[in-house]
Amino acid sequence: MAPGIGIHEDSAAAVEKVTSLAQLTEDWDDTLRFYVNGTKVTVDTVNPEVTLLEYLRGIGLTGTKLGCAEGGCGACTVVVSHINPTTKKIYHASVNACLAPLVSVDGKHVITVEGIGNVKDPHPIQERIAVGNGSQCGFCTPGIIMSLYALLRNDPSPSEHDVEEAFDGNLCRCTGYRPILDAAQSFNKNNSCGMASSNGGSGCCMEKNGGGGCCKGSSAGNQDEKVEIKFPQPDFKPYNPDTQLIFPAALRKHEFRPLVLGNKRKKWYRPVTLEQLLQIKSIHPEAKLIGGSSETQIEIKFKAMRYACSVYLGDIPELRQFEFHDDYLEVGANVSLTDLENICALAVERYGSAAGQPFAAIKKQLHYFAGRQIRNVASPAGNLATASPISDLNPILVSTNTTLIAKSVGGDKHIPMTEFFLGYRKTALPPDSIIASLRIPIAQKGEYMRAYKQAKRKDDDIAIVNAALRVSLGDQRRPQL
Amino acid sequence: MAALTVSAQNAEAFLVGQKFPSPATLEGVMNALEQDFNLPFGVPGGMATYRKSLALGFFYRFYHDVLSGLQVKSSDLDPDVIAEIERAISSGKQDNEASVAYQQKILGKASPHVAALKQATGQAQYTDDIPVQQNELFGCMVLSTKAHAKILSVDVSAALDIPGVVDYVDHNDLPNAAANWWGAPVCDEKFFAVDEVNTAGQPIGVILGITAKQAEEGMRAVKVEYEDLPVILTMEEAIEAESFFEHYRYIVDGDTEAAFKEADHIFTGVSRMGGQEHFYLETQACVAIPKPEDGEMEVWSGTQNPTETQTYIAKVTGAAANKVVSRVKRLGGGFGGKETRSVQLAGICAAAAHKTRRPVRCMLNRDEDILTSGQRHPFLGKWKVGVTKEGKIVALDADVYANGGHTQDLSGAVVERSLSHIDGVYHIPNVNVRGRICKTNTVSNTAFRGFGGPQGLFFAECYISEIADHLNIPAEEIRAINMYQPGDKTHFNQILKDWYVPLMYKQVLEESNYMERRKAVEEYNKQHKWSKRGMAIVPTKFGISFTALFLNQAGALVHIYHDGSVLVAHGGVEMGQGLHTKMTMIAAEALQIPQEDVYISETATNTVANTSSTAASASSDLNGYAIFNACEQINERLKPYREKFPGAPMSKLAHAAYFDRVNLSANGYYRTPDIGYVWGENSGQMFFYFTQGVTASEVQIDTLTGDWTPLRSDIKMDVGRTINPSIDYGQIEGAYVQGQGLFTTEESLWHRASGQIFTRGPGNYKIPGFRDIPQIFNVSLLKDVEWENLRTIQRSRGIGEPPLFMGSAVFFAIRDALKHARKEWGVTDVLSLVSPATPERIRVSCADPIVERARVQPKEGEKSFFVAI
């Protein structure tokens, strides 16, 4: 049996016995340190129940809107830039501020619609959406702008396809979307001549003729690709990735310390090592573990659930790793679903299309799994622990005979996914354990695997039925176990 | 399929060891799956047949996908079932030259929404963005959880014990019993329930807390005891129980009885369409600020109707209207949902502010908004048409029902509009149509873009489609031969002037290559067994005017300051539709100044009094003329200065005039001429004019799953001389997509057992997303014609509501595709498709062996889990 991720089999024995959370967290810090729109913020007195959205609106940043409080409309979208523990690279995550607990932004850079431009000096995205008639009532607009901003920050020259799919977590009720897509497509790599590095340096043609517009809009421009200009764009500012809000240098060196904050009603724990997490779980098995809060915050808001002891898991690097083995992929249970999409793409490449079928199936389901803002924070562990029958991920994990690695201070437990779900929102996870990782086997010769989903709406909708089907054909094409 | 992720155990057990590529194996697995997923009709979550068909269909697809990779007999393989629908990149064209012929300096030219840049940078202020007031409280309404019940007791003691909870306000805190009643035109709704609740979501009281969270916690601690009373949810239940509001209207024209006797064919049908949640992105919100003197109150309410807000706030606070100012900066969408229903929250906040003498704020959570603020009316139409053998309609008889909910609200006018639009664009010499409002225990349904028009038009396109199928004549032809011609009279005796539907019908057919593509669709359908395409071309006319005559008036106030800048106030509310943009353009053109010099700050009852709601697509017509009228008054006074200083900027003119003691302010006014219809008599002119349009749509459906995609839509609208093509295109595209949602993905469902609405947020109520719009989305405006009889400002037509019905082209294209899908399996009887055409309805309307074996029948007395009202 291969070792688990980030923790040795024997590490459990090394865990020191502590008996109370107060004792365990005696030395933990109680101060959140993060950046908002380039400015450093230190918070040591905060209501532990506030969401990121409530915090931002409370300090006067009312550009970010509340539309639904369930991560379904995208009006509250902000960008949280951080060093992704999975890839070790800076990632600009669009997230639903209405769901994000404030504790989740410690050590990160929160960028809101106010941070990227104003009426006098709008960001090119803001300018183009506005001038291109992409804003009518305007209530969805900040969220849409931040989704596009996240896309461009992560990839300054996105494909047409990437742009088209960048808004699966945003809704607009006024425009019919067409003008927003047109404005957004002006940034795709065919239309924006500018800053794609392949273009060679800073050579945006906007500088041509004293700033008289993009070469792609004039007949004198690049003749290779015929680009249809959908609305007049004579004086648009170019998008220059080099002049965007930088990732604060201080955050590159940010020391992620274990945090505890809150009051009698509610306490937040933010462990930064697996060991700390396991200790919390061992002392207090009822502690609510929270990754993206995409489920929990809805329970709190709409079902009046109270979680007096919540543990934020997003900053434990050990739970966010992955490793390719010869016959399986081991993936940390708390990788973001966005990362899981990318990991699965790599897995298909590595194992090939036949053996990689399970990963292609996961990737396919994730494509229509919630919106980008949710996939940026939600995790496989959340899907599994919630054990909701509507999860788009769980059927694949069951049908592929994935093994779940549960960890506790007492040691590891390997649970086949076929035995994991016991009932409605009930699982075989022992109360003092956490879901550490998943071992997803590759498909063997003769195996076929597909996943399907049908919902009312294609993007960002709960499945009516989802299914993963796998058959292993042996001799004479007879299915075998 | 179960309460947890489950594997299909019977199917697995059966499959092991069988020869996979064999029809017998396939059949065996399908049988086993039926056992594995034997859902009862009343299964929680509903959709038993559909869910079962998906389980079977997914295996069927998988099976053939696997087989396609093996060497098998081609007769065993069903290759068409494997592919799923994937969208292409969206594209589309707009005609940007449409207004060239009549552009002026400003009017007729494309320009963006005046607040777009503020909105895009987060600087635009909405109601809840107003900074917290000193001593402000937050309100959280205590809502009924029962659809119909006696209130036995309300115990707030536990709530008032919670730290941060300050007070509880209910009907006992109003100045008198009459103050608890609101609603127009019939004042039949209570702000706070007294003794009885008539719908789940009815306000009983409001808890005030220092923060929203504390108020919410207090609300949850209020204990209400009920005694259940019988519940009516649906129109069918109401009809059976004869539960109607008194309002009853009819239009009788010609002699239907005689015409039916002579008709070659008589066809009858029942058409049903669901309602629609407004889903404006900004929920209902209000900040009520009591003033220290004389009972004054200032209220910021997200409303389309500041005057009605003012009226009822005066009532609940016991003040005269002159002590109440109702103000609106902008709305994050309205669509009719804030025309009357916003008054409920504003009245409650004002009552609470009045009692506590502290500012009270409330912005509803999305679920509270859906529970309390009403939707588009679901409609049921029972119709009978007499038709000649060529397909000419000679008579229409119909009973039309709307689900009004527990109070009347605007239901009467909504039903009236459905009756005046039930002719579609078709000339029917003999008409007898009657409309009633069902009184039920649901949320009170209200105005929603189209206001009964789309429902009436839907019935028209339903009988057109069904006549076409009965007679086996293409629907396109039935439409063409019945279409009104210029000069024809409607069933309410209005002569059609500037009538361009026949022209646009022809233009859209040509410009979209409709007939060629129709042939290609036939060919596609021959070659595909599971994937089917369908097309439809749907025309529309929409009558512009409030049907309540007195509402067709507007006022405006124009100030020119002596630096030359201009402040305009008018009665209309900006809710994203671009009204203020059009209004500043009209003022700027009239005063011959740059548009940037004109500013509209807000809509408020102390600048323009006695305004009508911003509704009925008439706000540009009404307020535009009122502003123009005010500008003309000032222009008259400025004439000497223009003569004295030719070509001078306004700053110079205004400065000179001011020093000569010339009044640089004017109050403008306008009322729509000519109109005044009398119900019953069927006399007088109902509408000032009709906005018109035609849309052709093509769709593709996956009959195995009910999945679908809109391939292409071509829309042409007659907006007269557009004031601003950018704004009008925005209205057309937006309304179209909202209409597409109405007729496809948007389905409001009620939980039958509790009588509560189930679809309370974006999680289970699906408005169209980015990737639901037509893959090819072309829009144009009618041009190169004259509008001789159109006497509106700039000769432009109202555009807010009319394009919404164009979204139905997708519905009828789906219906067309379903016809082909059913024919594939030999089923040719006429399909009565209920709206919205959800993937479930699409799937279960198919007739293939998989869906047939998946059909689940109710057991004796078994009811569905959800119900559409």
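I count two residues as in contact if their C-beta atoms, placed from the backbone, lie within 7 Å. This is a predicted model, where local features need pLDDT of at least 70, side-chain atom pairs count only at pLDDT 80 or more, and totals for chains, interfaces and linings use all residues. Residues are numbered from 1 along each chain as its sequence is written, and chains are lettered from A and ligands numbered from 1 in the order in which they are written.

**Chain A against chain B**

I looked up the interface first. Chain B puts 83 residues into the contact and chain A puts in 79. On the chain B side, α3(B) gives the largest share, ten residues. Helices here are DSSP runs of H or I with at least four residues, strands are E runs with at least two, and both are numbered from the N terminus. I sorted that side of chain B by class and got 38 nonpolar, 29 polar and 16 charged residues. For the classes, Ala, Val, Leu, Ile, Met, Phe, Trp, Tyr, Cys and Pro are nonpolar, Asp, Glu, Lys and Arg are charged, and the others, Gly among them, are polar.

**Domains**

Next I checked chain A, which splits into domain 1 (30-252) and domain 2 (319-477); the bounds come from an automatic or database domain assignment. Their contact takes 16 residues from domain 1 of chain A and 14 residues from domain 2 of chain A. Strand β4 (residues 90-96) of chain A gives the most to the domain 1 side, with four residues.

**Strand β14 of chain B**

Then I went to β14(B), residues 360-363. B:Val360 and B:Cys362 on one side and B:Arg361 and B:Met363 on the other are all buried, meaning 20 or more other C-beta atoms lie within 10 Å of each residue's own, whereas exposed is 12 or fewer and partly exposed is in between, with C-beta atoms placed from the backbone. In a regular strand the side chains alternate between the two faces of the sheet.

Which strands pair with β14(B)? Strand β1 (residues 137-143) of chain B runs parallel to β14(B), with two bridges, and strand β11 (residues 285-290) of chain B is antiparallel to β14(B) over four bridges. Pairing requires that DSSP finds at least two bridges between the strands. I traced B:Val360 as the bridge partner of B:Leu137 and also of B:Ala288.
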